[in-house]
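Good morning, and thank you for coming. I would like to walk you through one protein structure, and I ask you to keep it in view while I speak.

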Amino acid sequence: MQDGMDERWSAEIVAEHLNKAMSDWDVEQVLTFDERGVSGHPNHISVYHGVRFAMKENTGLEAYKLHSNGLPWKYMGTLGCVLQGAWLHLWSSDVIWLSHKSAPQRAWAGMLSHKTQLVWY
């Protein structure tokens with residue numbers, strides 16, 4: 001599956017890959033993008049739809065999705081995290097926070113290990 005801003009993946013093909021990975025590695029839970037794909041990335045959006053398609057076929061699959069932030073939140077740094085966390089805590093009961101103090105450093109290390117991750121098309 002080719003990555004890129006001009007690439008669209010079918011939900012069926014994504015689900016096929018997901019189902020194979022679930023079988024190969026005994027996966028029961030998936031963390032995916034939401035319907036906005038974080039930054040509107042078409043591959044991220046395709047993954048979201050592929051996971052939803054896989055869930056129709058595999059009722060034992062549990063899936064969690066990342067919440068796409070609006071543009072202002074993305075550039076507010078720690079202050080944005082604190083403000084958005086407070087906002088979501090007050091107005092939403094279905095938010096799960098998954099983080100660790102080393103998360104920002106690990107995220108950057110992961111991004112830097114793939115030369116295309118920091119390329120803006």
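**Salt bridges, core and surface**

Before I go on, a word about the source. This is a predicted model, in which local features need pLDDT of at least 70, side-chain atom pairs count only at pLDDT 80 or more, and totals for chains, interfaces and linings use all residues. Residues are numbered from 1 along each chain as its sequence is written, and side-chain values use heavy atoms, with hydrogens and water left out.

Which residue forms a salt bridge with glutamate 35? The partner is lysine 65, and the closest N and O atoms of the pair are 3.2 Å apart. A salt bridge here is a side-chain nitrogen of Lys or Arg within 4 Å of a carboxyl oxygen of Asp or Glu. This pair links distant parts of the chain, 30 residues apart: lysine 65 belongs to strand 2 (residues 62-65), and glutamate 35 to the loop between strand 1 and helix 2. Lysine 65 is partly exposed, at a relative accessible area of 48%.

The whole structure holds two salt bridges. In the other pair I wish to show, lysine 20 meets aspartate 24 through their side chains, at 2.6 Å from N to O. Because lysine 20 and aspartate 24 are four residues apart in helix 1, about one helical turn separates them. Lysine 20 is exposed, with a relative accessible area of 52%, while aspartate 24 is partly exposed at 48%.

Let me now turn to the overall architecture. The protein has six helices and two strands, and along the sequence they follow the pattern α-β-α-α-β-α-α-α. Helices (H or I, at least four residues) and strands (E, at least two) are DSSP runs, numbered from the N terminus.

How confident is the predictor? Confidence is given for each residue as pLDDT, on a scale from 0 to 100. The mean pLDDT of the protein is 82, and 89% of its residues reach 70 or more.

Next, the interior. Of the 121 residues in the protein, 20% are buried. Which residues make up the largest nonpolar core? There are seven: Ala15, Leu18, Met22, Val30, Val51, Ala54 and Leu61. Helix 1 and helix 3 are the elements that give two or more residues to this core, and helix 1 gives the most, with three. A nonpolar core is a set of buried Ala, Val, Leu, Ile, Met, Phe, Trp, Tyr and Cys residues joined through side-chain atoms within 4.5 Å.

Two residues illustrate the packing. Leaving out residues up to four places away in sequence, alanine 54 touches Ala15, Leu18, Asn19 and Leu61; contact means heavy atoms within 4.5 Å. Threonine 32 lies in strand 1. Is threonine 32 buried or exposed? At 6% relative accessibility, threonine 32 counts as buried. Beyond its neighbours within four places in sequence, threonine 32 is in contact with Val47, Tyr48, Val51, Tyr64, Lys65 and Leu66.

Aspartate 26 is in the loop between helix 1 (11-25) and strand 1 (29-32). The phi angle of aspartate 26 is near 55°, a positive value in a residue other than glycine. Aspartate 26 counts as exposed, at 62% relative accessibility.

Glutamine 2 lies in the segment before helix 1 and is exposed, with a relative accessible area of 54%. Where do we find asparagine 43 relative to glutamine 2? The two are 41 residues apart in sequence and 8.9 Å apart in space, C-alpha to C-alpha. Not counting residues up to four places away in sequence, glutamine 2 touches Glu7, Trp9 and Asn43.

Among contacts between residues at least 6 apart in sequence, 62% join residues at least 24 apart. Thank you for your attention.

Note on methods:
pLDDT = per-residue confidence, 0-100. Buried < 20%, exposed > 50% of the residue type's maximum accessible area, 1.4 Å probe, protein only.
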